[in-house]
Amino acid sequence: MKTLRRQRALADYTLAALARRKVKNSALVGVFSLVVFLLASAMFFASALRHEADTALQGVPDLIVQHLSLGRQGMISEDRIAELESIRGVSKVRGRLWGYYYDRVVGANYTVMVPDGGAMPPPGQVIVGEGVLRARGLDWEGAPLFLSRKQGDLSRFDIAKTFDSDSALLTADLLLMNEADFRAFFSVPAGVYTDIAARVRNANELATIVDKATRIMPDERFVTRDDIARTYMKLFDWREGLMVALGAMAMLAFAIFAADKASGLSAEESREIGILKAIGWDTRDVIAMKLWEGGLVSIGAFLLGCVAAYAHVFWFGATLFAPVLKGWAVIYPDFPLAPVIDAAQLVTLFLLTVLPYAAATVVPVWRVASADPDAVMR
Amino acid sequence: MTQPRPYRRPSTPVFTALGLLLALAVAQGGHALATAPQQAARLAANRQIVHDLGLSDLALFTEARYTRHPALADHAAPFQDAPGSFEHFPSGSFVPPAGPWGTARLGFDAQEVTQ
């Protein structure tokens with residue numbers, strides 16, 4: 001009880017001392033919180049997005065076969081479907097029809113696709129992602145979608161269904177069409193597809209299957225599920241790398257600011273410590289007082305930064321990062337993020353921010369506090 | 001004669017504020033736990049959409065072909081749009097090239113070009 005009362009009194013004294021330099025210390029807590037907020041926001045955002053992508057991409061086809069012509073992707077013949085099916089272990093082979101449509105009305109790119117059997121809309125109808133409706137401003141029930149390929153051309157499609165924003169990360173710019181409509185609209189002849197997707201019964205056999213398929217179809221490019229996963233892993237690593245690079249600069253700037261504030265004891269502070277010692281404070285008390293100062297500032301700023309970062313990312317849709325996602329795109333996914341908190345990352349952030357600051361506050365004080373009060377006050 | 005102001009301990013409001021922040025942090029943890037089943041169901045539905053439609057990529061950046069479908073982007077031909085080429089669209093700087101690129105290297109001096 002006595003120890004608690006003593007510590008409380010030390011905290012009171014520390015806060016009263018901090019209040020004497022209100023502006024400077026408020027600015028310090030503000031900047032500290034801002035640094036933590038930016039780093040924690042980037043961390044929450046990246047890990048939530050990675051989790052979202054990892055889960056969704058578990059459903060991607062095991063193997064995608066593209067035809068390469070003149071060094072870039074061309075249409076693939078439907079004969080390849082039978083050739084692929086003939087390889088043992090390959091199942092559910094289907095030709096995919098998909099491509100891009102640039103909407104000159106709003107300047108947006110749509111991904112147009114023909115879905116598999118059951119999900120295919122009837123002729124004259126389309127299923128659209130929420131981004132398409134947003135871009136076109138089709139916010140009333142039953143609004144038709146007009147698409148134009150060239151001047152004087154206009155095709156009408158009725159909207160059969162809309163994907164909601166829960167799946168926006170995957171479907172924001174999707175436009176699902178009937179196969180006959182797709183071939184007619186984009187002048188794609190019968191018997192060719194954009195690429196071929198296949199499932200493999202045993203994932204361990206994928207490499208062997210790709211090997212066999214390469215021998216049968218040497219002109220084609222094979223993209224496996226692992227390739228796709230690797231691409232996204234790289235994408236997120238790259239992005240996190242950029243964020244860490246920016247974060248490191250913020251940390252460095254803060255480190256200079258904090259080191260200046262914490263380590264270089266002003267003459268006034270040294271005199272204060274000298275007086276405290278002269279009136280009977282122990283070196284331990286002075287250090288405990290400074291520990292309170294460092295702890296209150298850094299833990300307060302850490303808590304404030306983290307709480308604000310969580311609210312920013314998971315409650316307000318990471319509004320600060322939206323411009324990065326949008327780029328020049330007219331359609332950008334407006335999607336919710338499932339809260340994912342990586343405890344190890346939080347601990348790292350804590351160790352990188354709170355501990356160095358607390359240490360930077362205490363070390364110079366210890367030097368002054370252990371000296372003779374008379375010498376310090378002079 | 002004015003009454004002296006009663007002494008208010010400066011730590012009281014600060015500790016209260018810290019306590020509130022801590023409570024908010026705990027509430028956020030509770031929020032994450034409480035919404036977890038609902039979010040798991042949404043993610044499972046998304047996985048099903050990917051499976052049913054045979055999607056290969058995320059609609060993160062829709063401004064260019066190679067940022068909309070980085071997994072299926074061309075990377076065999078030189079000097080065409082690809083992640084890692086001279087950047088035109090802002091989002092291209094966030095999408096690294098898919099690779100692996102093989103042994104060839106894109107370079108500018110005579111030694112590199114002839115490699």
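In this predicted model, the contact between the two chains draws on 63 residues of chain A and 50 residues of chain B. On the side of chain A that touches chain B, 39 residues are nonpolar, 13 are polar and eleven are charged. For the model as a whole, the scores are ipTM 0.79 and pTM 0.81.

Turning to chain A, the domain assignment gives domain 1, made of 2-56 + 231-377, and domain 2, made of 96-193. The C-alpha centres of domain 1 and domain 2 of chain A are 49 Å apart. Contact between these domains of chain A involves nine residues of domain 1 and 13 residues of domain 2. On the side of domain 1 of chain A that touches domain 2, seven residues are nonpolar, two are charged and none is polar.

The largest nonpolar core has 109 residues, and A:Val36, A:Ala40 and A:Leu175 have the most contacts inside this core. Helix H2 of chain A (residues 22-56) gives the most to the core, contributing 17 residues. Because domain 1 and domain 2 of chain A both give residues to this core, it lies between them. Leaving aside residues up to four places away in sequence, A:Leu175 touches A:Tyr101, A:Tyr110, A:Thr111, A:Val112, A:Val126, A:Val128 and A:Val132.

The mean pLDDT of chain B is 76, with 63% of its residues at 70 or more. Where pLDDT is low, the predicted coordinates should not be read in detail.

Terms used:
Residues are numbered from 1 along each chain as its sequence is written. Chains are lettered from A and ligands numbered from 1 in the order in which they are written. This is a predicted model: local features need pLDDT of at least 70, side-chain atom pairs count only at pLDDT 80 or more; totals for chains, interfaces and linings use all residues. Two residues are in contact if their C-beta atoms, placed from the backbone, lie within 7 Å. Ala, Val, Leu, Ile, Met, Phe, Trp, Tyr, Cys and Pro count as nonpolar, Asp, Glu, Lys and Arg as charged, and the others, Gly among them, as polar. Domain bounds come from an automatic or database domain assignment. pLDDT is the predictor's confidence in each residue, from 0 to 100. A nonpolar core is a set of buried Ala, Val, Leu, Ile, Met, Phe, Trp, Tyr and Cys residues joined through C-beta atoms within 7 Å. A residue is buried if 20 or more other C-beta atoms lie within 10 Å of its own, exposed if 12 or fewer, and partly exposed in between; C-beta atoms are placed from the backbone. Helices (H or I, at least four residues) and strands (E, at least two) are DSSP runs, numbered from the N terminus.
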